[in-house]
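Please keep the sequence and the coordinates at hand while reading.

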Amino acid sequence: MFAAERRQLILEMVRANGAVSLRELARVVQTSEVTVRRDVRALEAEGLLDRRHGGAVLPGGFTRESGFPQKSHLATAEKTAIADVAAGLVEEGEAVVVGAGTTTQELARRLARVPGLTVVTNSLLVAQALAHANRVEVVMTGGTLRGSNYALVGSGAEQSLQGLRVSRAFLSGSGLTAERGLSTSNMLSASVDRALVQAAAEVVVLADHTKLGTDTMFQTVPTDVITRLVTDEPPPHDDRAGTELQALADQGVQITVAGASASGGGEGMAGRRPRRESPLPVQRRGGPTAQLRSAGPLHEQQAERARVADMRRR
């Protein structure tokens, strides 16, 4: 494929999706990430798109929200790995909140195997993934259907969450930065996400590396409210994503990094690249600095227990 054809295809993908990772662009145009990065740089010089952490976005600062059909085909391997790890955080008999999004939909498919679970959600896709699960109770919020992401929003959704209390909330979004936390491009979605957060004792954000360092219009979860981030391994050349992860850890967010692709056989998380976690912070802002590091023996034991629990659920 000639450079002009390749760049036109890259531009069309970014225009269709709003934001696309270099990894995904390289896969579609069937070339290396090095070549794609050079093409993106050339298109940015022409003012046709902007470079972001490990990807490209529409020009103009804040990224716009993509529709569900576009999102569902982006970073699919990364979302699968993130969902695998996040599902291991949920225990039998828990009550959790799961927000709208393609990554949370992947999580819901795995939660269908957790007996005695209660899932509160404003997402029709999450509810659909759990509709036929044995011994899983699904509680839907009220609200008005937002067709672009199949989520219930508005005052009805927010009012239905008042007085609710669950162990943790699993949320996704359009962008995540250490400065502003999780954000989204739609005001109604942001408002419901804030109500979901209020119902949970802990907040777990699910965000692939393309969202790290991306800032969108409406803040949903401030950084100091996020308990844990589950993400995938950024590409080696993506220094800014690594810097963002460290900045989040420094502010007390526990970081769990999951491999994006299997490197062998095995069940559960076996065969995937090892997870990397920051230690549990003693306190939030102003407290001791959390550092990203490889999981020690305690984390290995926890990972092993999660693998055993997952095999039992199967």
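**Val-203 and the overall fold**

Val-203 is buried, with a relative accessible area of 3%, where buried means under 20% relative accessible area, exposed over 50% and partly exposed in between, computed with a 1.4 Å probe on protein chains only. The model is a predicted one, in which local features need pLDDT of at least 70 and side-chain atom pairs count only at pLDDT 80 or more, whereas totals for chains, interfaces and linings use all residues. Residues are numbered from 1 along each chain as its sequence is written, and side-chain values use heavy atoms, with hydrogens and water left out.

**Overall composition**

- The secondary structure comprises eleven helices and 17 strands, taken as DSSP runs numbered from the N terminus, with helices (H or I) of at least four residues and strands (E) of at least two.
- Of the 314 residues in the protein, 52% are buried.
- Among contacts (heavy atoms within 4.5 Å) between residues at least 6 apart in sequence, 66% join residues at least 24 apart.

**Surroundings of Val-203**

- Val-203 belongs to strand E12, which covers residues 200–206.
- Not counting residues up to four places away in sequence, Val-203 touches Ala-169, Val-197, Val-221, Val-225, Ile-226, Thr-227 and Arg-228.
- One of these partners, Ala-169, is 34 residues away from Val-203 along the chain, yet the two C-alpha atoms are separated by 4.9 Å.

- Helix H9 (residues 187–198) has twelve residues and reaches 17 Å from its first C-alpha to its last, close to the 16 Å expected at 1.5 Å a residue; the expected span is 1.5 Å times one less than the number of residues.
- The buried residues of H9 are Ser-189, Ala-190, Ser-191, Val-192, Asp-193, Ala-195, Leu-196 and Val-197, and Val-197 is also one of the residues that Val-203 touches.
- At the start of H9, a side-chain oxygen of Asn-186 comes to within 3.0 Å of the backbone nitrogen of Leu-188.
- Thr-216 sits in the loop between strand E12 and strand E13 (218–221), and its relative accessible area of 0% places Thr-216 among the buried residues.
- The side chain of Thr-216 makes a polar contact with the side chain of Ser-183 at 2.6 Å; a polar contact is a pair of N or O atoms within 3.5 Å, where within protein one must be able to donate a hydrogen and the other to accept it, and residues adjacent in sequence count only if both atoms are side-chain atoms.

- H3 has 13 residues and reaches 18 Å from its first C-alpha to its last, close to the 18 Å expected at 1.5 Å a residue.
- Buried residues in H3 are Thr-35, Val-36, Arg-37, Asp-39, Val-40 and Leu-43, and H3 is followed by Gly-47, whose phi is positive, near 75°.

**Loop residues**

- Gln-30, in the loop between helix H2 (22–29) and H3, has a positive phi near 60° although it is not a glycine, and counts as exposed at 73% relative accessibility.
- Pro-236, in the loop between strand E14 (228–232) and H10, is exposed at 82% relative accessibility.
- Ser-123, in the loop between strand E5 (117–121) and H7, is buried with a relative accessible area of 0%, and its side chain reaches the backbone nitrogen of Val-126 at 3.1 Å.
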